[in-house]
Amino acid sequence: MEQTSPRDLKVSRFQSTGIIKYINKWIIVECDDDLARYYRKQLNQKALTPPPFGSHITVVAGDYETPTRPEFWNKYVDQAIEFEYEPQILSLDRYHWVTVYCEKLLDIREELGLNRNLKWPLHLTVAKSLV
């Protein structure tokens, strides 16, 4: 019998939809809060708080980057967008998230003159640990 290494296993992805929002210098995708709520319950920790801006994906982190092509700002305001995500919860420090995949969001960054590669890859933050 042939053995399979963990790197050979493909992770299932799920699909969801959100709404593109422009908030001050930021672009986010507002997502269904039930999605983040579901994953918070999977963490099975008592001292968790929801993300401060609700369930969302950050596309442009306005406090840390500035688009060089601002003429495209607000181009996609309130548009629905589909994305895929992996159901495994990842954690670092006190934050917990699921990895998101969406070429269109990376295209939007590029259109604004930003790098397609973010400091932290696209993700949907589901919770922050209080302790």
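View A. Arg109 is buried, with a relative accessible area of 2%; here buried means under 20% relative accessible area, exposed over 50%, and partly exposed in between, using a 1.4 Å probe and protein chains only. This is a predicted model, in which local features need pLDDT of at least 70 and side-chain atom pairs count only at pLDDT 80 or more, while totals for chains, interfaces and linings use all residues. Residues are numbered from 1 along each chain as its sequence is written, and side-chain values use heavy atoms, with hydrogens and water left out. The side chain of Arg109 meets that of Glu65 in a salt bridge at 2.9 Å, N to O. Arg109 sits in helix α2 (residues 103-111) and Glu65 in the loop between β4 and β5, so this pair ties together parts that are 44 residues apart in sequence. A salt bridge is counted when a side-chain nitrogen of Lys or Arg is within 4 Å of a carboxyl oxygen of Asp or Glu, and the count comes to 9. Side chains of opposite charge can pair when their charged atoms come close.

View B. The side chains of Arg116 and Glu103 meet in a salt bridge of 2.5 Å, N to O. Arg116 belongs to the loop between α2 and β8 and Glu103 to helix α2, so the pair ties together parts that are 13 residues apart in sequence. Arg116 also meets Glu110 in a salt bridge, at 3.5 Å, N to O. How accessible are the partners? Arg116 is partly exposed, with a relative accessible area of 21%; Glu103 is exposed at 52%, and Glu110 is partly exposed at 44%. Salt bridges with shared partners join Glu103, Asp107, Glu110 and Arg116 into one network.

**View C. The buried face of helix α2.** Helices (H or I, at least four residues) and strands (E, at least two) are DSSP runs, numbered from the N terminus. Which residues of α2 are buried? They are Leu105, Leu106, Ile108, Arg109 and Glu111. These buried residues pack against β1 (14-23), β2 (26-30), β4 and β5, where contact means heavy atoms within 4.5 Å. Just after α2, Gly113 takes a positive phi of about 85°.

**View D. Two loop residues with positive phi.** Asn74, in the loop between β4 and β5 (80-85), has a phi near 75°, a positive value in a residue other than glycine. At 42% relative accessibility, Asn74 counts as partly exposed. Asp93 lies in the loop between β6 and β7 and has a positive phi of about 55°, although it is not a glycine. Asp93 is exposed, with a relative accessible area of 71%.

**View E. The largest pocket.** The largest pocket has a volume of about 900 Å³. On a 1 Å grid over the protein atoms alone, a pocket is an open set of points with protein on both sides within 12 Å along at least five of seven lines, and lining residues have an atom within 4 Å of a point. Grid points are joined across faces, edges and corners, and the volume is the space filled by probe spheres set on the points. The lining has 26 residues, of which Thr58, Tyr95, Trp120, His123 and Thr125 lie nearest the centre of the pocket. The elements giving two or more residues to this lining are β4 (56-60), β6 (90-92), β7 (95-101) and β8 (123-129). The lining residues divide into 15 nonpolar, 6 polar and 5 charged. Ala, Val, Leu, Ile, Met, Phe, Trp, Tyr, Cys and Pro count as nonpolar, Asp, Glu, Lys and Arg as charged, and the others, Gly among them, as polar.

Terms used. On a 1 Å grid over the protein atoms alone, a cavity is a set of points where a 1.4 Å probe fits but cannot get out, and a pocket is an open set with protein on both sides within 12 Å along at least five of seven lines; lining residues have an atom within 4 Å of a point.
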